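The report below reads one protein model from its overall make-up down to single residues. Please keep the coordinates open while following the text.

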Amino acid sequence: MHRRRIAMAVCAGLALGALATGCTDPASPPVPTSSTTPSSAVSSPAPTASPTSTVSTPPARPDAMTSPTADGAAAAATYFMAVYSYMYATADVAAWEQLSSPTCDFCIGRRDDATRMAGSGARTEGEPVAVLTSSGVEIDPDRWFSATLSIDEPPSEEVAEDGTVVSSSAGGTYELYFALSWDGDWTVEAVDVSRTDG
């Protein structure tokens with residue numbers, strides 16, 4: 001089953017109607033929701049999915065990622081989604097693994113799916129995820145943060161080595177809720193997802 005796109009996975013225990021791999025691990029910090037009272041919040045304008053023109057080129061890290069701030073958390077989450085598109089197009093998981101906590105179920109599931117596709121000779125064809133809006137919240141100064149992204153995931157296809165379309169996704173719009181930590185660099189601890197287009 002093609003699970004590249006966010007639309008394809010369902011979490012049985014979540015009323016979000018989205019990702020199984022987005023469920024948080026009990027050992028992970030909780031993912032703040034919109035009801036969280038922020039100590040510092042920043043809303044960023046709608047960045048593009050990636051500073052590059054193609055998903056087959058590694059995305060550039062935004063300058064804002066260099067600091068442990070709410071803006072830095074939003075930039076890190078946006079970069080994470082650019083890496084998501086790149087990983088599925090190329091099967092290069094290095095940048096994804098560098099950003100991902102070893103206990104992040106969403107991170108592990110997406111990496112394993114991209115690796116599975118590469119092992120079978122399949123590839124993903126489609127445009128990169130577009131980040132429509134982003135915001136960050138500082139929860140514990142210089143340590144714990146959350147970020148919320150609104151994204152548009154374009155339609156995509158999983159294509160076998162012989163050119164046969166294995167599966168496809170119509171895409172959709174989603175809100176992604178990130179728990180992030182800072183220890184000299186950003187780590188994505190958990191991701192939960194909610195579909196916003198019905």
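Of the 198 residues in the protein chain, 46% are buried, where buried means under 20% relative accessible area, exposed means over 50% and partly exposed lies in between, with a 1.4 Å probe and protein chains only. The model is predicted, so local features need pLDDT of at least 70 and side-chain atom pairs count only at pLDDT 80 or more, while totals for chains, interfaces and linings use all residues. Residues are numbered from 1 along each chain as its sequence is written, and side-chain values use heavy atoms, with hydrogens and water left out.

The secondary structure of the protein chain amounts to three helices and eight strands; helices (H or I, at least four residues) and strands (E, at least two) are DSSP runs, numbered from the N terminus. In sequence order these elements give the pattern β-α-α-α-β-β-β-β-β-β-β. Among the contacts (heavy atoms within 4.5 Å) in the protein chain with a separation of 6 or more, 65% come from residues 24 or more positions apart.

Two of the helices can be set side by side, with the expected span taken as 1.5 Å times one less than the number of residues.

| Helix | Residues | Length | First to last C-alpha | Expected span |
|---|---|---|---|---|
| Helix 1 | 70-90 | 21 residues | 30 Å | 30 Å |
| Helix 3 | 105-119 | 15 residues | 21 Å | 21 Å |

Helix 1 is largely enclosed by the rest of the structure, because 18 of its 21 residues are buried. Just after helix 1 comes Ala 91, with a positive phi of about 65°. The buried residues of helix 3 are Phe 106, Cys 107, Gly 109, Arg 110, Asp 113, Ala 114 and Met 117, and their packing partners are helix 1, helix 2 (94-99), strand 2, strand 5 and strand 8 (186-195). Gly 121, which follows helix 3, also has a positive phi, near 85°.

Strands pair if DSSP finds at least two bridges between them. Three strands form an open antiparallel sheet in the order 2-5-6, with strand 2 (123-126) and strand 6 (165-169) as the edge strands, each pairing on one side only. From one strand to the next the twist averages 25°; the axes behind such angles are lines fitted to C-alpha atoms, for helices over the stretch in contact, and the angles run from 0 to 180 degrees between N-to-C directions. Within this sheet, four bridges join strand 5 (residues 156-159) to strand 6 in the antiparallel sense, and Glu 157 stands opposite Ser 168 in strand 6.

Strand 7 and strand 8 run antiparallel and are joined by nine bridges. These two strands form a hairpin with three residues between them, and Gly 184 in the turn has a positive phi of about 90°. Strand 8 is largely enclosed by the rest of the structure, since eight of its 10 residues are buried. Ser 181, in strand 7 (residues 172-182), stands opposite Thr 187 in strand 8 and counts as buried at 4% relative accessibility. The side chain of Ser 181 makes a polar contact with the side chain of Glu 189 at 2.5 Å; such a contact is a pair of N or O atoms within 3.5 Å, where within protein one must be able to donate a hydrogen and the other to accept it, and residues adjacent in sequence count only if both atoms are side-chain atoms. Leaving aside residues up to four places away in sequence, Ser 181 touches Arg 143, Trp 144, Trp 186, Thr 187 and Glu 189.

Val 131 lies in strand 3 (residues 130-140) and counts as buried at 2% relative accessibility; Val 131 and Ala 82 are 49 residues apart in sequence, with 8.8 Å between their C-alpha atoms. Val 55 belongs to the loop between strand 1 (40-44) and helix 1, and at 18% relative accessibility Val 55 also counts as buried. Its C-alpha atom is separated by 8.6 Å from that of Val 83, 28 residues apart along the chain. Not counting residues up to four places away in sequence, Val 55 touches Ser 85, Tyr 86, Ala 89, Thr 90, Gly 126, Glu 127 and Pro 128.
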